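Hi,

Here is the structure I promised to pass on. Have a look at it first, and then read my notes below.

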Amino acid sequence: LQNMKMVPVPEKAYGTFFEGDCYIILHTKRTSRGSAVDLHYWIGKDSSQDEQGAAAMYVTQLDTALGGSPVQHREVQGHESETFQSYFRNGIIYKKGGVASGFKHVETNMYNIKRLLHVKGKKHVSATEVALSWDSFNKGDVFLLDLGKVLIQWNGPSCSIAEKSRGLALARSIRDSERGGRAQIGIIDNERDSPDLMQIMRMVLGERRGELRDSIPDTKADELQKANVRLYHVYEKDNDLVVQEMATRPLTQDLLQHEDCYILDQGGFKIYVWRGKASSPEEKKAAFTRAVGFIQAKGYPSSTNVEVINDGAESAMFKQLFQRWTEKNETQGLGKVYTTGKIAKVEQVKFDTTQLHARPELAAEQRMLDDASGEIEVWRIEDLQMQPVNPKAYGQFYGGDCYLVLYTYLRSGRPHYVLYMWQGRHASVDEITACALNAIELDKKYGDEAVQVRVTMGKEPRHFLAIFKGKLVIYEGGTSRAQKSSPEPAIRLFQVRGTDEVNTKATEVPARASSLNSNVVFLLSTSQVCYLWCGKGCSGDEREMAKMVADIVSRRDKHTILEGQEPAEFWEALGGKAPYASEKRFQEQVTHYQPRLFECSNQTGRFIMTEVVGFCQEDLDEDDVMLLDTWEEIFLWVGKASNAQERNEAIASAKEYLKTHPAGRDLATPIILVKQGYEPLNFTGWFNAWDPYKWSTASASSEYKSHFSHSDSNSYSNSSNYNSNSLSSPAMVPNGEEIYSREVLMHRTVDELPEGVDPTKKE
C-alpha cells in the first residue's frame, strides 16, 4: 500500500517485504472443485495504524468483488500462517524501511549493498535484516552477509543440514532474482577451513570479541494448545460487542447457524471468523475488527493469526477442526451418489487394480500399495514369541491374540515388504508389547526395509482386507492356539461386509437379534446349521461373498433366509426377536479430506508439529521424521539421518497427534511407518510427481556439500579478486580421529561409508 492506494509489486520482488509497509496478497489455486482463492493482508512491524486499517478494508472490498469465495487472512510480520509461507518456497525476506515510516525504499544498486540477514527456519524460511555486528550472530542459525557482488553464508556450528540447504537456496534466490545471477556465493561451514572468507567478514564486521550466543529456540504452539478449540457466538447488543461461548471440542458442524457470525479460537494460536450466508452486511464487514477486538480482550499477542471464512467456502484447515464436516452431494471413496429424498443409494464402482502403477494417485486414494497378489506369512504371538500360523487358517484372527503378517511383493523386479501388526481387542499388554518387539526383529531380518503398519482390531486398512482375498474372519474373543483356555461358543453371529475379494471381511458380533441390520448379510452358526440371513438392503454381490465366508465359519449345512421369512429356530438361536437397525442405507457424506504433511519435533520436550502447506517430495528432509495425515491412515516417514530419539518416539508422536486432534479422531486409526527410500505407492501417490531415484543418487547432505564445493564457490574463488582457495573444500576432511579423502565420503549410502563414520557428520 502506498499513500493508502494499492500498487502492484513487480513479480521478481515477490517474497521481499518492507517492514514499514502493508501488503495484500491474492493467491489462486486450481482444485478438483474449481479454484481456491486466498486473500492475505500482511502487516509490517513498523507500519502505521492507518495503513493497517486500509489494508483490512481493501481485503473486504476485494472479497465482495470476488463473490465472497476467498478465505481471508490477517498476517503479522514474523508470525505468518503456514499457508502464507507456502507461497514463498525459497523463503521470505524482511527489509528495513518503507514508505510511511519516512524511509524511502532502499534501492538495490548492486555495488553499495551491505546488509546482514538472519536466516531462520527449516521448513519455513525467513530472513530478517539485522545490525551489521557480531552481536547479531548465534550458534544455531544461518547468517548471510550480503555485499552486493558477494554473498557469504555463515553457518552456525549447531545448524542442521536442512537449515544449511535452505540457507543456500535463499542465497541463490537473492543472486538470481535481485542480482541477475551476477553475484558469487561463498560458504563458511567451519571458520578454521575458510580463512579468506573470514577475513572479508572481519573487514566488514570488525574483530569478534567474546563467545557467540546460543541459539534461541522458536516459540511455537504445541499440539496440546492447538487442540483447545472453543466456539463463540459474536453479536452486537446496544452498541456493545457481545461474545458468548457456545462449545468446546469436539465441535460439530450444526453449531454454525447461517444467520450468525462466529469466532473459533484455536487455543490462541489462530482465530477464525465464520460468516453465515444470511448474516447482515454490517456483521460481515466487521469481521476483522471483531477478531482484533477479541484478541485484545483475551490478552493474546497482537501478532495472532486471523482467518475470515465465508459460509460454504470453508478452508480445509477450518473443516478439520470439526468432528465431521459434511457437504451436499458428496460421497466418500468410490461411489456415485444418487440423491432421492433423504436416502442416497451408493453404487459400488469396480476398482481396477491394474491401474495402480500407472496412476500412483489412485493407489493413494484407494489406500492400495499394489494389487494384493503378493506372498503372505502369518505368525501368532505365543509366550511372547512368534509362532507360525498354519496357512490353512490364514485370514482367521482371534480377539484374544496378536499376529504379525508379512506381505512381500515385487516392484521393479525387487522385493518390497509390508509388516502388519494386528492387535486383538482382548490381547494382554505383554502380548501387544511383544508383538511390537518381534516386529522390529523381523524388520531387521529384511534389512530394515519393511513398511510397518499398526492395525487395531476392527479398523483393518483396505489393503489388509485385500490380501486375504475375501476370507478375512475376525472372531470377537478366544485364541487360535492349540490349547484353548475356554470352549468355543455353540452359537455365533457374523456380520459380512463387502462386494468382492478386495473389500470383504466378516466380523463376529453378539449373537442377539439387536445386532442385525437390514443393509447387511449375517451368518448365524449353530451346532446344527448355518443360516445366511440376507437383509432387504443387501446386494447380490454381498450375498455371494457371504456364501464364501460361510464355508470358513461353519462346516454345517447352509440355509439362505430372507429378512421377514425367518423360521422360529432362527429367532430361538438368537434368544428371541428384538428391534434392530432397519433404516435404508444412508451413505455418510463426508468431505474429501485433504492430506496434510507435518514435521514432528519434540526436541524441546514439547510435542510440536509444523505443517507444510502445498507439500512435495522436496519437503522430506533426511534428518526429519514427517507425519502425513490422510484421515483414514497416518503415515510416519522416517529420514535416514533422523535422530534416534525422534525415530523411537515416532509411533508415540502419531498417537499423541490423534489424541490431541481438534476433531476428536479415532485412536484406532492405522499408523504406518515408512522408511526413506522404501516408500510404498499408497504413500508416494499423495505427492505430485514423485521421483523414485531422488535418494538413490545423492543424499541431501552430500548434495549440499557438493553444491557449494563445486559450483557456487569455485566460480567465486576464480573470478573474484579475493582469490579464496578455502572455498574449494580441502582435499582431506578430518572426521573424529580419522582422515578420509572427499571421494570416500561423498555420494555414499550409510552402508558404503568407512567404519565409524557418522553419516550426519561427514563434513
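This is a predicted model: local features need pLDDT of at least 70, side-chain atom pairs count only at pLDDT 80 or more; totals for chains, interfaces and linings use all residues.

**Charges over rings**

Let me start with Arg-665, which lies over the face of Trp-631, at 3.9 Å from the ring centre. In the same way, Arg-208 has its charged end over the ring of Trp-134, 4.8 Å from the centre. "Over a ring" here requires NZ of Lys or CZ of Arg within 6 Å of the ring centre and within 35 degrees of the ring normal.

Residues are numbered from 1 along each chain as its sequence is written, and side-chain values use heavy atoms, with hydrogens and water left out.

**Aromatic pairs**

How many aromatic pairs does a search of the whole structure find? The search gives 40. Rings of Phe, Tyr and Trp (its six-membered ring) pair if their centres lie within 6.5 Å; planes under 30 degrees apart are stacked, over 60 edge-to-face, and the rest tilted. Phe-397 and Tyr-403 form an edge-to-face pair, because their planes stand at 75 degrees, with the ring centres 4.9 Å apart. Phe-397 and Tyr-403 are both buried (buried is under 20% relative accessible area, exposed over 50%, partly exposed in between, with a 1.4 Å probe and protein chains only).

Trp-637 and Trp-695 make a tilted pair, since their planes are at 40 degrees; the centres are 5.5 Å apart. This pair links distant parts of the chain, 58 residues apart: Trp-637 is in strand E33 (residues 634-638) and Trp-695 in helix H17 (residues 694-697). Helices (H or I, at least four residues) and strands (E, at least two) are DSSP runs, numbered from the N terminus. Trp-637 and Trp-695 are buried too.

There is also a cluster joined by ring pairs: Phe-17, Tyr-23, Trp-42, Phe-84, Tyr-87, Phe-88 and Tyr-94.

**A sheet**

Tyr-94 turns up again in strand pairing, where Tyr-94 stands opposite Thr-128 in E7. Strand E5 (residues 92-95) pairs with strand E7 (residues 126-130) in the parallel sense, over three bridges; two strands pair if DSSP finds at least two bridges between them. An open sheet of seven strands runs in the order E1-E5-E7-E6-E8-E9-E10, with mixed pairing. At its edges are strand E1 (16-18) and strand E10 (184-188), each pairing on one side only.

**Helix H7**

Next, the twelve residues of helix H7 (residues 287-298): at 1.5 Å a residue they should span 16 Å, and the end C-alpha atoms are 16 Å apart, which agrees. (The expected span is 1.5 Å times one less than the number of residues.) Which residues of H7 are buried? They are Ala-287, Phe-288, Arg-290, Ala-291, Phe-294 and Ile-295. These cover an arc of only 160 degrees around the axis, so they are on the same side of H7; the arc is that of the directions from the helix axis to the C-beta atoms. The face turned away from the buried side carries the exposed Thr-289, Gln-296 and Ala-297. After H7 comes Gly-299, with a positive phi near 75 degrees.

Ala-372 is not a glycine, yet has a positive phi of about 65 degrees. Ala-372 is in the loop between helix H9 (360-365) and strand E18 (375-382), and is buried, with a relative accessible area of 4%. Lys-469, also not a glycine, has a positive phi of about 50 degrees. Lys-469 is in the loop between helix H11 (462-467) and strand E24 (472-475), and is partly exposed at 33% relative accessible area.

Cheers

Methods. The expected span of a helix is 1.5 Å times one less than its number of residues.
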